[in-house]
Amino acid sequence: MDKIEIKDLECYCRHGVLKEERTLGQKFLVSVALYMNTRRAATSDDIAFSVDYAEVSHFVNDIMTKTEHELLETLCENIARELLIKYKILDAAEVCIKKPWAPISLPMDTVSVTIKRTWTKVYVAVGSNIGNRRKYIDDAYAAIRNDPFCRKDFISNLIDTKPYGMTEQDNFLNGAICFETLYSPEELLEFMHYLEEKGDRDRETEIHWGPRTIDLDILFYGDEIIQKQDLVIPHRELHLREFVLKPLQEIAPYKLHPVFHKTVSQLLSELQEKGEEK
């Protein structure tokens, strides 16, 4: 991935844990690395296919001087995310903020914090079997499309499927959504739960595998493998569910499962050969 760097942009602003720092202000040095594919800009010699580093510098300076935060970590996070949202061509951004006048009372050169944030491709299963199923799914998809931390989204065709687990209920409408996100896995889970709540889902009263207005499950988050009590990625049962694999195959047939090292198409084929979902 190509990179454009701006190093040690000097900003005088008011950030810090101590009240005096936010009252008097001090000098900060900000460096940003912008990751993208520059080939089109290089071959066309057209700035429209790159980023204007003068404009970026002023954009970063505005964030630094027009906000006040206690932590360098917060500043870095805000700058990285705002850059990635504003400049659509970027795939990742690295931000380093140095604080040469940090109140340490010991000899030192500078204190700094560096972070890197990247757009990550994710896949989410979506389903509904209560009320206007199509509208619940369309509303959830529209919310993803309109969220500034999500981009490059598309959705599979929706399929009508028999219920899984608890069979005495109406058929589901199922599909798969792909998009890139700036949310961390935990933040994305919170966002999915928020969309479910907006779609009238009540997790506290619902029955396991029972009917629901909207269901949003994270299937893949890049190639990450996460094993936590409240978050398992890849989804622990996606390889056992034809109603998940079928729409997923439509939009990502060659997506490789990072645990099983098999593509979505291979997982679906193996499941269909067994003749039943477990």
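User: Which residues form the nonpolar patch on the surface?
Analyst: In this predicted model, the patch consists of I104, L106, M108 and V111, which together have about 330 Å² of accessible area.

User: And where is I104 placed?
Analyst: I104 belongs to the loop between strand 3 (92–99) and strand 4 (111–118). Its relative accessibility is 38%, so I104 counts as partly exposed.

User: Turning to the rings, how many aromatic pairs does a search of the whole structure find?
Analyst: The search finds five aromatic pairs. One of them joins F59 and Y87 in an edge-to-face arrangement, 6.2 Å centre to centre with 90° between the planes.

User: Which parts does that pair tie together?
Analyst: F59 lies in helix 3 (residues 53–66) and Y87 in the loop between helix 4 (72–86) and strand 3, so the pair connects parts 28 residues apart in sequence. Y87 is buried, at 9% relative accessible area.

User: What about Y123 and F220?
Analyst: Y123 and F220 also form an edge-to-face pair, at 6.2 Å centre to centre and 90° between the planes. Y123 is in strand 5 (residues 120–128) and F220 in strand 9 (residues 215–221), so this pair ties together parts that are 97 residues apart in sequence.

User: Is Y123 buried or exposed?
Analyst: Y123 is buried, at 7% relative accessibility. F220 is buried as well, with a relative accessible area of 1%.

User: Which residues do ring pairs link into a cluster?
Analyst: The cluster comprises F149, Y183 and F191.

User: What sits over the ring of F59?
Analyst: The charged end of K86 does, 5.3 Å from the ring centre. Elsewhere, K116 lies over the face of Y35, 4.1 Å from the ring centre.

Key
Residues are numbered from 1 along each chain as its sequence is written. This is a predicted model: local features need pLDDT of at least 70, side-chain atom pairs count only at pLDDT 80 or more; totals for chains, interfaces and linings use all residues. Side-chain values use heavy atoms; hydrogens and water are left out. Patches are made of residues with over 30% relative accessible area and no salt bridge: like charges are joined within 9 Å, nonpolar side chains (Val, Leu, Ile, Met, Phe, Trp, Tyr) within 5 Å. Accessible areas come from the Shrake-Rupley method with a 1.4 Å probe; for residues, only the protein chains shown count as cover. A salt bridge is a side-chain nitrogen of Lys or Arg within 4 Å of a carboxyl oxygen of Asp or Glu. Helices (H or I, at least four residues) and strands (E, at least two) are DSSP runs, numbered from the N terminus. Buried means under 20% relative accessible area, exposed over 50%, partly exposed in between (1.4 Å probe, protein chains only). Rings of Phe, Tyr and Trp (its six-membered ring) pair if their centres lie within 6.5 Å; planes under 30 degrees apart count as stacked, over 60 as edge-to-face and the rest as tilted. A charge sits over a ring if NZ of Lys or CZ of Arg is within 6 Å of the ring centre and within 35 degrees of the ring normal.
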